[in-house]
Amino acid sequence: MFGEIHLGRNFNRQHEQIINKLHTHNPKVLGSDAALTQAIKPEYQGAFAYSANVTGFHTTVGNHAELMADAAETHKRMLADFEAATDHIHVLYYIWLIDGTGIDIAQALMRAARRGVTCRAMVDGMGSRKMVGSKIWQEMKNAGVQVSVALPISNLIKVLLFSRIDLRNHRKITVIDGNIGYSGSRNCADPEFRVKPNFAPWVDIMLRVEGPVVAQNQMLFASDWLIENPDTAVESFCYPTAQPDSSASTGFAA
């Protein structure tokens with residue numbers, strides 16, 4: 001009743017099975033303890049090891065990260081990467097608002113889907129409930145974007161009786177062609193964040209990342225997607241682990 005993580009026995013069992021399957025099929029994505037000792041300074045190794053114990057993802061090396069200056073730069077760079085995508089775009093957001101940013105991202109996904117790029121968009125059932133019931137959500141489906149809801153609350157009574165309505169999917173994942181990712185605190189929303197205007201403007205830290213860490217974000221996305229879409233082939237998710245050609249690379253623990 002107090003603080004226990006409980007999303008239902010079936011959910012927990014399915015999630016564990018999916019995680020095991022993904023890890024077994026693509027063990028190189030998980031990183032290694034050897035990379036931890038080789039690439040990370042001793043004073044930081046404890047934090048990286050703790051992260052690995054919690055997530056199952058260990059240290060990877062050869063990643064390249066760019067810190068975005070502000071929301072405008074994040075928006076500009078992400079849309080440019082969407083337009084350049086040739087294989088797939090995967091996004092998962094806790095909050096996806098129907099504002100300037102939300103509409104721009106939706107339209108970019110629709111354009112990509114129409115030119116043959118596989119686009120999968122997932123949102124949390126509570127944080128993005130207005131988006132799920134919106135006209136543009138339906139337009140994305142009509143354009144060929146595969147859409148899905150994480151932790152849906154269509155049956156509120158069932159959720160209250162057998163699960164936890166307050167445990168949500170707060171992830172913010174963006175993966176383009178398996179090679180480029182965005183990681184940080186920003187949801188798919190304008191800085192003005194109309195749902196909480198008293199706290200605006202919202203200031204988020206966002207990184208544009210390349211390298212093996214993107215494959216870990218891809219696997220994280222796949223684990224959530226497969227829970228709600230079990231008919232999707234595990235093999236449909238690719239995990240490039242090549243290091244980017246950059247002198248400004250660093251080690252990551254996803």
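## A loop residue to start with

Leu151 sits in the loop between S4 and helix H8 (156–162). Helices (H or I, at least four residues) and strands (E, at least two) are DSSP runs, numbered from the N terminus. Leu151 is not a glycine, yet its phi is positive, at about 50°. With 16% relative accessibility, Leu151 counts as buried. Buried means under 20% relative accessible area, exposed means over 50%, and partly exposed lies in between (1.4 Å probe, protein chains only).

This is a predicted model: local features need pLDDT of at least 70, side-chain atom pairs count only at pLDDT 80 or more, and totals for chains, interfaces and linings use all residues. Residues are numbered from 1 along each chain as its sequence is written, and side-chain values use heavy atoms, with hydrogens and water left out.

## The chain as a whole

The protein chain has 9 helices and 8 strands. It has 254 residues, and 46% of them count as buried. A contact means heavy atoms within 4.5 Å. Take the contacts between residues at least 6 apart in sequence: 80% of these join residues at least 24 apart.

## Two nonpolar cores

A nonpolar core is a set of buried Ala, Val, Leu, Ile, Met, Phe, Trp, Tyr and Cys residues joined through side-chain atoms within 4.5 Å. In soluble globular proteins, nonpolar side chains tend to be buried together. The largest core here has 33 residues. Phe82, Ile89, Trp96, Leu109, Met140 and Val145 touch the most other members. At least two residues of this core come from each of H4, strand S2 (88–93), helix H5 (100–114), strand S3 (118–124), helix H7 (135–143), strand S4 (146–150) and strand S6 (180–184). H5 gives the largest share, 7 residues.

Leaving aside residues up to four places away in sequence, Leu109 touches Phe82, Ile89, Val91, Trp96, Cys119, Ala121, Met140 and Val145. Another core lies apart from the largest one. This other core has 25 residues, including Leu22, Phe57, Ala150 and Ala222.

Asp81 lies in helix H4 (residues 71–84). Asp81 is buried, with a relative accessible area of 11%. Beyond residues up to four places away in sequence, Asp81 touches Ile176, Ile180, Tyr182 and Arg208.

Helix H9 (residues 212–228) has 17 residues. The expected span of a helix is 1.5 Å times one less than its number of residues.

## Aromatic rings

A pair of aromatic rings is described by the distance of the centres and the angle of the planes. Rings of Phe, Tyr and Trp (its six-membered ring) pair if their centres lie within 6.5 Å; planes under 30 degrees apart count as stacked, over 60 as edge-to-face and the rest as tilted. The structure holds 6 aromatic pairs. In one of them, the ring centres of Phe193 and Trp202 are 4.7 Å apart and the planes stand at 35°, so the pair is tilted. Phe199 and Trp202 form an edge-to-face pair, 6.4 Å centre to centre with 80° between the planes.

Phe193 is buried, at 6% relative accessible area. Trp202 is partly exposed, at 31%. Phe199 is exposed, at 59%. Elsewhere, ring pairs link Tyr93, Trp96 and Trp137 into a cluster.

A charge sits over a ring if NZ of Lys or CZ of Arg is within 6 Å of the ring centre and within 35 degrees of the ring normal. The charged end of Arg120 sits over the ring of Phe237, 4.7 Å from its centre.

## The loop between S6 and S7

Phe193 lies in the loop between S6 and S7. Phe193 has a positive phi, near 45°, in a residue other than glycine. Pro201 is also found in the loop between S6 and strand S7 (206–210). The peptide bond from Ala200 to Pro201 is cis, with omega near -5°.

## Cysteines

A disulfide is a pair of cysteine sulfur atoms within 2.5 Å. The structure holds 0 disulfides. Cys188 is buried, at 2% relative accessibility, while Cys238 is partly exposed, at 30% relative accessible area.
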